[in-house]
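The stops below follow one another as selections.

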Amino acid sequence: MPNKKVVDLDLTQWKEEVLKVYPAKVAKKRAKSIVLTEPDSIPTIQANVRTIPGIITQRGCTYAGCKGVVLGPTRDIVNLVHGPIGCSFYAWLTRRNQTLPPTEDSPNYMTYCFSTDMQDANIVFGGEEKLKQACREAFEIFKPKSIGIFSTCPVGLIGDDVHSVAREMKAELGINIFGFSCEGYKGVSQSAGHHIANNALVKHVIGLTEKGPEGKFKINMLGEYNIGGDAFELERILEKCGITLVASFSGNSTMEQFEYSHTADLNVVMCHRSINYVAEMMETKYGIPWIKVNFIGFESSSKSLRKIAQYFGDKDLTAKVEEVIAEEEAKVKTVIGEIYPTTEGKTAMIFVGGSRAHHYQELFNELGIKTIAAGYEFGHRDDYEGRRVLPTITVDADSRNIEEIKVEADEKLYKPRKTEAELKALEAEGMEFSEYEGLMRDMEKGLLVIDDLSHYEMEKLIEMYHPDVFCAGIKEKYCVQKMGIPLKQLHSYDYGGPYAGFEGAINFYKDIQMITNTSIWKEIKAPWEAEEVIVAQYAF
Ligand code: CFM
């Protein structure tokens, strides 16, 4: 049934309305990051460029992407922050990854906050000695297998060499220690931090342990960070199907998993933005092909499982996967059946990092809710338009600032998982390797896609279109709710979840039904409805 509310919406006015309040230069720049979707001829969008100074952005920093996102969920590495205590405090348990050590005394440092706590004297005279001392102290107390050293802004400004300290400490303490030049200012967003983190994992960790777990169908899950326990649900499903999860990058992970991850036979990529580099490099170095999957939503999860089974081409696995899907489908469909009539026809807007603004549209579709505006904080053009645009993306000074490492086939460990002919045959069946089609391919014509949404633009979206639910993060939550619109956090799930896989889909349906059907929002009057608003304009 056509969504009536959506049919009546004219999203074309929004861009005009927003741009007319910006100074001319700003308007010209922002115009390139705002497009209306056109699935038959995907438009070009400006992305991964610096935020205009003065604009309130949703973005975070490079250090956040490196320390918080990629290495944060790994439980047995001491993640030591070299910098002032504030950077550590805000990265300490303010994320919401979960982890499940196999036994009570297995190492788990995720609840700790490790910092060199730099003081004025360290900024003036250098902090390398303090950093060495911190490594020794961490080793003394915890005897960890590895230490990762993360650089914050001042470290880059004063020129402390974290890499030479890491080398020296590695020799002295005899454990794996490596550093990251992930100063917050290094790139235009946290995306640069993902790249820096992944480079170090490829250089210093992957391939170190020869033997991994046994299994007939061995995969790595890339770009899944166990937010709200998502990884636990995916582990449950894979195990039920008889698929061996060798390593997860990096939800519920350990360093050892990374070390033997090269023994898997397929890499499946969830969040393309944060980890496509690892998938590409592991293919070149070890011969492991990668495919894009999406375990957000019932349909997507089923499709992803079928893709994995198709790759292995084993009759028993295919049958098992179908059996699992049928069993889970029965539960999921019952819940959808109950909830759908209460959510159908509603609208959503999603503005989060670099992949969920795409993936979560699937879950909303399953409830009959249309996403009318979406965008990434820090996605690149390929995340919007698909990997086919990669050769046309201009390399600017900011992207050149991030080390691009070149890997070659490993003399000992490279092993093609399939012959050329086998790969060709799978492609002929419709299987796409090393491919991501991006967010815009999946959106209907005439919807809004906005990169690096500003706070002003967010308010204007809500004022003009009153979505039934707005998805973003904690920084946006209370502003949006004060406007009378419920906000669902998709970075932390408002401490709910999991939302991935089959059980996760059921949790999401129930939470969204509750959020979009409560009457509390109708009791709130937005400030501009209740009081007079003073309007100011620039005079030129
Ligand atoms: Fe990938 Fe992520 Fe995301 Fe991301 Fe993130 Fe995240 Fe996100 Mo917050 S890696 S791009 S840097 S899926 S922390 S687990 S929720 S912005 S959409």
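Is Cys66 buried or exposed? Cys66 is buried, at 0% relative accessibility, where buried means under 20% relative accessible area, exposed over 50%, and partly exposed in between (1.4 Å probe, protein chains only).

Before going on, note that this is a predicted model, in which local features need pLDDT of at least 70 and side-chain atom pairs count only at pLDDT 80 or more, while totals for chains, interfaces and linings use all residues. Residues are numbered from 1 along each chain as its sequence is written, and side-chain values use heavy atoms, with hydrogens and water left out.

**Cysteines**

A search of the whole structure finds zero disulfides, a disulfide being a pair of cysteine sulfur atoms within 2.5 Å. For Cys66, the nearest cysteine sulfur is that of Cys182, 3.9 Å away, and Cys66 is in no disulfide. Next select Cys87 and Cys153: the sulfur of Cys153 is the nearest cysteine sulfur to Cys87, at 6.6 Å, and Cys87 is likewise in no disulfide. Cys87 is partly exposed, with 26% relative accessibility.

**A nonpolar patch**

Select Phe89, Tyr90, Trp92 and Leu93, which make a nonpolar surface patch of about 480 Å². Patches are made of residues with over 30% relative accessible area and no salt bridge, with like charges joined within 9 Å and nonpolar side chains (Val, Leu, Ile, Met, Phe, Trp, Tyr) within 5 Å. The areas come from the Shrake-Rupley method with a 1.4 Å probe, and for residues only the protein chains shown count as cover. Trp92 sits in the loop between helix H5 (85–89) and strand S3 (114–115); helices (H or I, at least four residues) and strands (E, at least two) are DSSP runs numbered from the N terminus.

**The cores**

Which residues have the most contacts inside the largest nonpolar core? Select Phe180, Leu305, Leu461, Phe470 and Tyr509; the core they belong to has 135 residues. A nonpolar core is a set of buried Ala, Val, Leu, Ile, Met, Phe, Trp, Tyr and Cys residues joined through side-chain atoms within 4.5 Å. Helix H15 (residues 315–343) gives the largest share of this core, eight residues. Center on Phe470: not counting residues up to four places away in sequence, its contacts (heavy atoms within 4.5 Å) include Met349, Phe351, Leu453, Val480 and Pro486. A second, separate core of 20 residues includes Leu80, Phe114, Ala134 and Ile177.

**Salt bridges**

The whole structure has 35 salt bridges, each a side-chain nitrogen of Lys or Arg within 4 Å of a carboxyl oxygen of Asp or Glu. Select Glu457 and Arg30, whose closest N and O atoms are 2.8 Å apart. Glu457 belongs to helix H20 (residues 455–465) and Arg30 to helix H3 (residues 24–31), so this pair ties together parts 427 residues apart in sequence. Glu457 is buried at 0% relative accessible area, and Arg30 is buried at 6%.

Move to Lys145 and Glu259, a salt bridge of 3.5 Å, N to O. Lys145 is in the loop between H7 and strand S4 (146–151), and Glu259 is in helix H12 (residues 255–259). Here Lys145 is partly exposed at 40%, whereas Glu259 is buried at 6%.

The next pair is Glu280 and Arg387, at 3.4 Å, N to O. Glu280 lies in helix H13 (residues 272–286), and Arg387 in the loop between helix H17 (381–385) and helix H18 (397–400). Glu280 is partly exposed at 31%, and Arg387 is buried at 10%. Then select Glu233, Arg236, Lys240, Glu327, Glu328, Lys331 and Glu503, which salt bridges with shared partners join into one network.

**Backbone stops**

Select Phe249 and Ser250: the peptide bond between them is cis, with omega about 0 degrees. Ser250 is in strand S7 (residues 244–250). The peptide bond from Gly497 to Pro498 is also cis, with omega near 0 degrees; Pro498 is in the loop between strand S14 (487–489) and helix H22 (501–517).

Finish with two non-glycine residues of positive phi. Asp452 has a phi of about 50 degrees and is buried at 6% relative accessible area. His466 has a phi of about 35 degrees and is partly exposed at 41%; its place is the loop between H20 and strand S13 (469–472).
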